[in-house]
Amino acid sequence: MRCFNGCILLGKHWVHQFKRDKHSNHTCPENLGCFEINEKSEHLELFSYSTVPLRVDNNPTTGAGSHVALSNPPQTKAIRLLRIFPTLRLNGLLECSLRTIELNGTRSHDYDALSYTWATELEAENKVKPELKCAIICNGGLLPLTENLFNCLTHLREHGYYRDLWVDAICISQCDQDERNQQVSIMADIYESAECVKVWLGAADESTSLAYELIERLGMLSEDDLRSIKPQACENEHNDKLLQHTNSPQHWASLVSFFERRWFTRAWVVQELVFARETNIMCGHHEFNWKTLVSISDHMANQLSVNTYDARCSFKKPTKLAAVKKDIEVKRDNILLRSLIRCRTYEASDPHDKVYSLLSLAQKQNGGNGLMPRYDSSISSLYTEVAKYILQNSDDLHVLAHAEGGDFRNVAGLPSWAPDWSVNKDLGLRITGYERYNAAGQEKNFRKFRDERTLVLKGFQLDIISRTGETKDEVNKSKNCEDWLGLLSELEMEYPHQDHKDAFWRTLLIDTGPRGVVPIKSPWENAFEVWMNICSHEPSDEEKKRADEFETSFTHSLNLRLFRTAGGHLGCGTTSCEVGDSIWIVQGSRVPLILRPTTFGIGEEITYNLVGGTYLHGFMQGEALEGREFHEISLV
């Protein structure tokens, strides 16, 4: 083997590293480093996508040498497919071929689609950008690949896989921006038309076998038995009886590590899984059942506090994917927004892809939605365009509750009412849709755009934030809630005849019990004191159990701040809120919105920045509407 930086020696011929320019027909990723091949006498040129154009040639008289430039007219859905050869070339390289087909919605296609990550687990852990340091032979030319993809193709060949396969990094010319835009726009068709989606989680490691054993054991349980399992309870007799030797700390830790694999965090896997007819999960030589993974994920998400595994919550990802798939199946409204909210913690190396990876979900539901991938647009322009699109095509203003204010802004230049989807955190009041709330009653949605950055709404000011406390995340980490207790004491002194303690613990949990029950029915009145170790007595086992339940619910939404208002009410909203911010009931918004006056206005009119949505105890079901009049307000 010989490795050269920037060029490859093949026999007596040098193949130079190709550059990105308008005269080159070769692939030209920016992260091309060096890669290794066997040094043999065979002469190889670099693979060129011009030899496999994205136009299906139905003219039998067209000669093999008359290739045209890459072209894929809007009315066609042509894609390339890869076929792995069973034998290696003389130089030891894996060999494959590419051909072009056109998708036809009236018939099925005999191919599979690959879902994977470009980076290996080690590269992702070390935050190393994956380089194209491996190579295969494609249509007689040399094609560089990332290590993880190379490992996957090698695994498939060694296991006798010789079907047609769609692989984004190979089947799309990554440096042809027009082609990339167009192929991304039909991604849903590609995965939906595939007979099976092959998922490659990466090579197995020392913990994979233990995770596999526990997953297999959990998958054998009935639904009732699975619900009775207490995750991580390794000294529990009931667990031991059902799980036997797999109920060990090592097995549970391996399961969590399994769910932390890079693939489970990647934005593009959402549509790849949602549209899959059949799914085959591979991790090294192990294969997993997707429905079993979803069942385990859902159980762990409902049973475990984020504190159980140091706030690592990747075990929730499969159940989130299943929820998106169910939204598609039942044809839920506003599928793009719901998916953006659910998948906010998913990662994309390009911030465009936090949106583009989900566009196909809306396109499939709406038959085309007017939003098309354009990688040359700025991130701020894209996120603003998406917010406008959602507002113009929704019966409500729910998208505004997810803007979340200055604490959650990475992208400069966004209007305050446009969410920054590049922020990879679970934000807001959680449980997608906020359909359990109805702060504005049945008032009809109102919104209009005065210009590109000014959104006009109708609402009325309800109250003003007069004191803020710690964030829930701060208290969860420190177990110090002095500001909260001081705030509660203040309210009890000012309003001695009201039950502030009940309002206090319900506000911390945004009055949402297990599986979205509103208001909370669980007997958690004293659970906060037990959880914080500030109760005046030694808690019983039953009280400790309720405190554990309280913690699980409490940690479901940590990026919130407790506050009180001038009117003596308790609220819990975005951590971006400040003393002096005003709370408004707005037509079309299921939850109150927090607004902040700006330093500039339109003529004599006051304009506002949107800070975010909030829970305000006692005002979530339309209680504030009687005798109120709505008037226009402008957000910038």
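Trainee: How do you know how far to trust the chain?
Mentor: This is a predicted model. The mean pLDDT of the chain is 87, and 87% of the residues reach 70 or more. Residues 1-41 have a pLDDT below 50, although that stretch has 94 contacts in the model beyond near neighbours in sequence. Residues 58-74 are also below 50, with 23 such contacts.

Trainee: Why are Y437 and Y615 called a tilted aromatic pair?
Mentor: A search of the whole structure finds 25 aromatic pairs. For Y437 and Y615 the centres are 6.1 Å apart and the planes make 55°. Pairing needs centres within 6.5 Å, stacked needs planes under 30 degrees apart and edge-to-face over 60, so the label is tilted.

Trainee: What makes that pair a link between parts of the chain?
Mentor: Y437 lies in the loop between helix 15 (379-392) and strand 14 (448-449), whereas Y615 is in strand 20 (residues 607-616). These parts are 178 residues apart in sequence, so the pair ties them together. Both Y437 and Y615 are buried.

Trainee: Why are W484 and F528 called tilted?
Mentor: The centre-to-centre value is 6.3 Å and the angle between the planes is 35°. The distance is within 6.5 Å and the angle falls between the 30 and 60 degree limits, so W484 and F528 count as a tilted pair. W484 belongs to helix 17 (residues 482-494) and F528 to helix 19 (residues 527-531), so the pair ties together parts 44 residues apart in sequence.

Trainee: How do you know whether W484 is buried or exposed?
Mentor: Buried means under 20% relative accessible area. W484 has 0%, so W484 is buried. F528, at 2%, counts as buried too.

Trainee: Why is C175 called partly exposed?
Mentor: The relative accessible area of C175 is 23%. Buried would need under 20% and exposed over 50%, so C175 falls in between. C96, by contrast, has 1% and is buried.

Trainee: What makes R180 count as sitting over the ring of Y375?
Mentor: The charged end of R180 is 4.0 Å from the centre of the Y375 ring. The distance limit is 6 Å, and the direction must also be within 35 degrees of the ring normal. R180 is listed as sitting over the ring. The charged end of K317 sits over the ring of Y346 as well, at 4.6 Å from its centre.

Trainee: Which residues touch the most other members of the largest nonpolar core?
Mentor: Among its 134 residues, these are L153, W166, I170, F258 and L400. Helix 15 gives the most to this core, with 8 residues. A second, separate core has 26 residues, including C313, A527, W531 and A547.

Trainee: What does F258 touch?
Mentor: Leaving out residues up to four places away in sequence, F258 touches L201, A211, I215, F264, C283, F288 and L293. F258 is also in an aromatic cluster with Y212, F259, W263, F264, F288 and W290. In helix 9 (residues 249-259) the buried residues include F258 and F259. Their cover includes helix 6 (208-219) and helix 11 (290-303).

Definitions and conventions:
Residues are numbered from 1 along each chain as its sequence is written. This is a predicted model: local features need pLDDT of at least 70, side-chain atom pairs count only at pLDDT 80 or more; totals for chains, interfaces and linings use all residues. Side-chain values use heavy atoms; hydrogens and water are left out. Rings of Phe, Tyr and Trp (its six-membered ring) pair if their centres lie within 6.5 Å; planes under 30 degrees apart count as stacked, over 60 as edge-to-face and the rest as tilted. Helices (H or I, at least four residues) and strands (E, at least two) are DSSP runs, numbered from the N terminus. Buried means under 20% relative accessible area, exposed over 50%, partly exposed in between (1.4 Å probe, protein chains only). pLDDT is the predictor's confidence in each residue, from 0 to 100. Contact means heavy atoms within 4.5 Å. A nonpolar core is a set of buried Ala, Val, Leu, Ile, Met, Phe, Trp, Tyr and Cys residues joined through side-chain atoms within 4.5 Å.
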